[in-house]
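Subject: Structure for you to look at

Hello,

Here is the structure I said I would pass on. Please open it and keep it beside this message while you read.

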Amino acid sequence: NWRKPDMLFNFINKDNSEEGKVDVAVTESVEIYAGNTLLLKPTSKTVKDFKVLSMESMDQTIASVRNSYIVAENVGETQINTEVEANGKSYNLVTSVTVMAGELSVKPDVKTMSVGETMRLKTMVSYGVYKDISYRSSNLNIATVSQKGICGYVTGLSKGDVDIIVSANIGNVIREKRISITVENSKKKPIPISNPVNGSSYTEDDEWKGSRVFFGRYEQDNNIGNGKEPILWRVLEVKDDTVFLLSEYGLICKFYNDTYDSVTWETSTIRKWLNNDFLDQAFLKTEIDAICDTPLKTNNIKKYGSSGGNKTIDKVFLLSNRDVNNTAYGFKKGSKYKSKTRRLQVTDHAAVEGYRNKTNGNTCWWLRSPGITNYHAAYVLTSGKVTYSHFVGRRNDAIRPAIKLKRSSIIFGDEICDGKYSGPMIIVKDE
């Protein structure tokens with residue numbers, strides 16, 4: 001991210017004689033964007049062996065030099081003095097440096113939104129980086145904006161025109177971008193689901209609270225003669241483009257891996273089963289098409305030195321140890337604590353191969369995270385605590401699938417009930 005230099009400086013001895021002529025060159029001037037780096041490398045056509053003695057910036061607040069790289073710190077101008085030694089003599093080479101600020105771009109480039117709608121704005125900077133960023137609304141009666149990381153989340157409150165002003169510090173220069181939005185009265189029926197109640201203040205006796213939906217079908221009452229039953233899911237997260245779902249019940253009990261081997265989520269047999277057998281048994285082809293291909297990173301367990309393995313892309317997956325501690329998903333934080341938000345019951349069909357606690361009917365369920373070694377995997381106990389000490393090929397514990405659905409591919413049908421919980425049936429849109 002720098003512009004082509006205009007020319008190279010050639011430096012010669014003071015005596016200017018042909019015998020003493022030395023041809024050593026560096027870039028005369030460079031323009032570089034704040035936050036970027038550029039290698040500054042002297043060259044020579046006539047001298048085979050020359051030595052760079054030092055490189056020094058005249059103003060290190062504008063640009064510094066580290067291991068022969070110019071580091072653009074802040075907007076402004078400075079010089080880099082490079083001292084070289086050739087044929088027993090030293091020479092000083094000068095490079096003029098101009099550090100510039102890139103321009104802001106905001107995606108998506110929206111013009112309208114509806115009352116009650118929330119939209120995510122993501123801001124980037126061309127040819128560089130920003131030090132910090134902020135969002136504000138020109139009229140809080142029409143739309144508010146909250147910030148999470150580098151993104152701003154705009155919510156329409158009432159009909160009218162509003163500007164969302166994005167401010168970013170780029171090399172100590174403030175750049176602003178205004179996004180003009182017209183908020184219109186909502187023409188769409190609000191979706192009948194929402195994000196769960198945040199679990200940050202939960203005690204161990206608080207149960208998970210949030211929306212539930214039905215999607216797909218799987219054998220659950222262990223009566224094959226009456227067909228498969230609709231699968232009940234918890235809604236863990238609702239976003240503009242996806243709905244994150246976790247099965248309410250353990251649908252089957254299986255090993256994490258069929259054999260006692262060192263495995264990761266990527267290489268486990270449970271991952272293969274979920275994305276082949278379960279996917280085909282539980283969903284129609286149109287429903288499979290509505291399920292996202294979700295990129296997953298399974299983190300290492302640093303405490304034990306066990307590996308999470310390579311990144312994967314899956315339609316069906318298990319939650320990680322971090323997921324079941326995420327209060328935004330409605331869970332109580334703290335793996336070592338008991339919590340009803342993490343407790344699970346299995347269907348009659350799953351109980352044939354698994355087990356139920358005689359006191360409360362709960363069971364254990366697998367997570368995709370590794371355990372104390374890669375011969376072990378993490379899972380949730382009947383108390384809601386998370387443990388890391390059971391072999392991947394030993395415990396026939398419950399499988400609790402998770403999926404993400406494409407918002408653009410689904411609609412919400414009539415509400416149904418499984419006898420304990422109720423929620424709308426998710427229907428895939430006709431193409």
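Below is what was found, going from the whole chain down to single residues.

This is a predicted model, in which local features need pLDDT of at least 70 and side-chain atom pairs count only at pLDDT 80 or more, while totals for chains, interfaces and linings use all residues. Residues are numbered from 1 along each chain as its sequence is written, and side-chain values use heavy atoms, with hydrogens and water left out.

The whole chain

The protein chain has three helices and 30 strands. Helices (H or I, at least four residues) and strands (E, at least two) are DSSP runs, numbered from the N terminus. Along the principal axes, the C-alpha atoms fill a box of roughly 100 × 60 × 45 Å. The radius of gyration of the protein chain is 30 Å, whereas a compact globule of 431 residues would have one near 22 Å. That radius is taken over C-alpha atoms, and the globule rule is 2.2 Å times the number of residues to the power 0.38.

Of the 431 residues, 48% count as buried. Buried means under 20% relative accessible area, exposed means over 50%, and partly exposed lies in between (1.4 Å probe, protein chains only). The chain exposes about 22,300 Å², and carbon and sulfur atoms supply 47% of that area. Accessible areas come from the Shrake-Rupley method with a 1.4 Å probe; for residues, only the protein chains shown count as cover. Among contacts with a separation of 6 or more, 58% are between residues 24 or more positions apart. Contact here means heavy atoms within 4.5 Å.

The cores

In soluble globular proteins, nonpolar side chains tend to be buried together. A nonpolar core is a set of buried Ala, Val, Leu, Ile, Met, Phe, Trp, Tyr and Cys residues joined through side-chain atoms within 4.5 Å. The largest one in this model has 62 residues, and those with the most contacts inside it include Phe215, Phe278 and Leu319. Helix α1 (residues 269-282) gives the largest share of this core, six residues. A second, separate core has 36 residues, including Val30, Ile32, Val106 and Val125.

Not counting residues up to four places away in sequence, Leu319 touches, among others, Leu236, Phe244, Phe331 and Trp365.

Salt bridges

Side chains of opposite charge can pair when their charged atoms come close. A salt bridge is a side-chain nitrogen of Lys or Arg within 4 Å of a carboxyl oxygen of Asp or Glu. By this rule the model has 12 salt bridges.

One of them joins arginine 212 and glutamate 248, with the closest N and O atoms 2.8 Å apart. Arginine 212 is in strand β16 (residues 212-218), and glutamate 248 is in the loop between β18 (242-247) and β19 (252-254), 36 residues apart. Arginine 212 is buried, at 11% relative accessible area, and glutamate 248 is buried too, at 5%.

Another pairs arginine 356 with aspartate 348, at 2.8 Å from N to O. Arginine 356 is partly exposed at 37% relative accessibility, and aspartate 348 is partly exposed at 42%. Salt bridges that share partners join Arg212, Arg234 and Glu248 into one network.

Aspartate 314

Which residue meets aspartate 314 in a salt bridge? The partner is arginine 271, at 2.7 Å from N to O. Arginine 271 lies in helix α1 and aspartate 314 in strand β21 (residues 312-314), 43 residues apart. Aspartate 314 counts as buried because its relative accessibility is 2%, and arginine 271 is buried at 19%. A polar contact of 3.0 Å joins the side chains of aspartate 314 and tryptophan 265. A polar contact is a pair of N or O atoms within 3.5 Å; within protein, one must be able to donate a hydrogen and the other to accept it, and residues adjacent in sequence count only if both atoms are side-chain atoms.

Threonine 95

Threonine 95 is in strand β7 (residues 89-100) and is buried, with a relative accessible area of 0%. Its side chain reaches the backbone oxygen of threonine 27 at 2.8 Å. Leaving aside neighbours within four places in sequence, the contacts of threonine 95 include Val26, Val30, Leu40 and Ile80.

Regards
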